[in-house]
Amino acid sequence: MSGYGAPEAVATGLRFPEGPVPMPDGSVLLVEIARGTLTRVAPDGSLSVVAELGGGPNGLAIGPDGAAYVCNNGGFQWTEAGGLLFPGHAAHAEPCGSIQRVDLATGSATTLYDSFEGERLKGPNDIVFDAAGGFWFTDHGQVRDTGRDHGAIYYAAADGSKISRQRAGMMGPNGIGLSPSGKTLYVSETMTARIWAMDVVAPGELAPPAPWAPGRFVGTPPAFRLLDSMAIEDSGRICVGTMVEGGITIFEPDGGGSEFVPLPDIGITNIAFGGADRRDAWITASTTGTLYRMRWPRSGLRL
């Protein structure tokens with residue numbers, strides 16, 4: 001498509017990679033959900049394990065203290081078909097999700113949160129820090145033999161001291177991002193393929209929702225596609241990893257429509273912006289285990 005560079009495979013052989021974070025030294029941190037690791041991809045594509053996390057490390061962000069903060073969903077059962085890797089039901093009957101902090105210098109991991117008001121986290125998925133130094137994260141939930149968990153949106157302090165649930169009863173919230181002003185929180189629901197916008201009225205506090213929806217409806221793809229994690233452009237456009245028809249869907253924040261950039265994997269899960277001009281798009285193609293880099297026609301928002 002006009003203005004979009006060709007995708008270049010930087011690393012292969014990854015085990016369901018997600019959560020790419022471009023680093024100042026030119027490397028990219030990401031998680032490998034099926035391997036249970038926080039992994040560093042060097043500029044030449046070589047891989048090194050930063051931390052063995054176990055379970056299912058999913059979303060990833062760098063906090064104000066320079067540590068890595070990881071959403072761990074607790075782990076999946078896995079299926080391989082036609083050379084592709086797919087997550088399935090939860091690996092455990094009982095919820096065992098958590099938020100982990102990783103010291104990047106030592107690889108030491110600590111658990112910051114594993115519950116809210118005595119209720120275990122079910123499947124933490126994606127994370128974004130705000131200007132106040134706290135972080136928003138989605139709990140996607142898991143599919144278990146007993147049914148599908150409800151999902152939720154939480155806000156938490158980076159020192160492990162406080163967590164609040166700002167939305168409950170959602171249907172698989174996945175990607176999460178903040179508008180350039182920080183006054184709007186965007187969330188994607190995977191199976192409903194909907195993008196929701198929610199007003200941030202104070203650090204860590206969302207305006208109450210209407211009785212019939214978790215937020216303001218932004219958009220949905222025009223065909224059968226599932227939505228995963230997101231990154232926001234400087235312009236405010238919402239770029240969302242898209243599955244089934246793999247690619248990136250770019251939503252106008254005011255609900256004015258969308259654009260689709262196809263990519264060579266049915267499981268495009270994440271996008272992150274890096275480089276000096278923040279126009280290097282790092283994209284995880286999870287079912288084939290590939291990390292792509294491509295030039296983007298617009299700059300991504302500085303996190």
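This is a predicted model: local features need pLDDT of at least 70, side-chain atom pairs count only at pLDDT 80 or more; totals for chains, interfaces and linings use all residues.
Local features are described where pLDDT is at least 70, and side-chain atom pairs where it is 80 or more. Residues are numbered from 1 along each chain as its sequence is written, and side-chain values use heavy atoms.

Strands are DSSP runs (E, at least two residues) numbered from the N terminus, and two of them pair if DSSP finds at least two bridges between them.

Turning to the rings, the structure holds 13 aromatic pairs. Rings of Phe, Tyr and Trp (its six-membered ring) pair if their centres lie within 6.5 Å; planes under 30 degrees apart count as stacked, over 60 as edge-to-face and the rest as tilted. Phenylalanine 16 and tryptophan 78 form a tilted pair, 5.3 Å centre to centre with 55° between the planes. Phenylalanine 16 lies in the loop between β1 (8-11) and β2 (17-22), and tryptophan 78 in strand β8 (residues 76-81), 62 residues apart. Phenylalanine 16 is buried at 5% relative accessible area, whereas tryptophan 78 is partly exposed at 28% (buried is under 20%, exposed over 50%, partly exposed in between; 1.4 Å probe, protein chains only).

A cluster of ring pairs links Tyr69, Tyr113, Phe116, Phe129, Phe135, Phe137 and Tyr154. Both tyrosine 69 and phenylalanine 135 are buried.

Terms used. Helices (H or I, at least four residues) and strands (E, at least two) are DSSP runs, numbered from the N terminus.
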